[in-house]
Amino acid sequence: QTQTQTQTQTQTNSPKWNEMSLIGNDMLARFEDIKFASFLPQGVIGLISGSLTLVWLLGRPSIVGLSTMLCTLLLNQSFAILSSRITKLDLSAADARLSVM
């Protein structure tokens with residue numbers, strides 16, 4: 001091995017290098033979260049203006065459609081909560097099986 005390859009290997013195995021890598025990964029993840037959060041005002045304003053436009057253009061039938069959409073979203077959220085509980089139980093059972101081994 002050459003001297004530069006040996007230096008590179010010792011740098012990547014050092015704790016300082018690993019910490020820098022973890023900090024970099026965390027910073028990139030937070031940047032992605034902030035980038036997503038910047039679209040929140042646009043989404044809220046779009047939802048409100050779209051709903052008001054539907055009510056203005058179609059009248060009472062649009063209220064039925066919007067309430068159906070709201071009920072569907074609430075039902076979907078309750079299924080997601082139920083699914084997360086089941087997933088937690090499944091993961092805890094898998095951990096118990098692995099701890100026996």
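Which residues make a nonpolar surface patch of about 400 Å²? Leu40, Val44, Ile48 and Leu52 do, and the sections below put them in their setting.

## About the model

This is a predicted model, where local features need pLDDT of at least 70 and side-chain atom pairs count only at pLDDT 80 or more, while totals for chains, interfaces and linings use all residues. Numbering starts from 1 along each chain as its sequence is written, and side-chain values use heavy atoms, with hydrogens and water left out.

## The chain as a whole

The chain holds 4 helices and 0 strands, running α-α-α-α from the N terminus. Helices (H or I, at least four residues) and strands (E, at least two) are DSSP runs, numbered from the N terminus.

Of the 101 residues, 3% are buried; buried means under 20% relative accessible area, exposed over 50%, and partly exposed in between (1.4 Å probe, protein chains only). The accessible surface is about 9,200 Å², with 70% of that belonging to carbon and sulfur atoms (Shrake-Rupley method, 1.4 Å probe; for residues, only the protein chains shown count as cover).

Helix 3 covers residues 40-58, 19 residues in total, and reaches 27 Å from its first C-alpha to its last. That is close to the expected 27 Å, taken as 1.5 Å times one less than the number of residues. Gly59 follows helix 3, with a positive phi near 80 degrees.

Leu40, one of the patch residues, lies in helix 3 and counts as exposed because its relative accessibility is 56%. For such a patch, residues need over 30% relative accessible area and no salt bridge, with nonpolar side chains (Val, Leu, Ile, Met, Phe, Trp, Tyr) joined within 5 Å and like charges within 9 Å. A salt bridge puts a side-chain nitrogen of Lys or Arg within 4 Å of a carboxyl oxygen of Asp or Glu.

Ser62 sits in helix 4 (residues 60-100) and is buried, at 6% relative accessible area. Leaving aside residues up to four places away in sequence, Ser62 touches Leu54 and Val55 (heavy atoms within 4.5 Å).

Thr87 is also found in helix 4, and is partly exposed at 40% relative accessibility.
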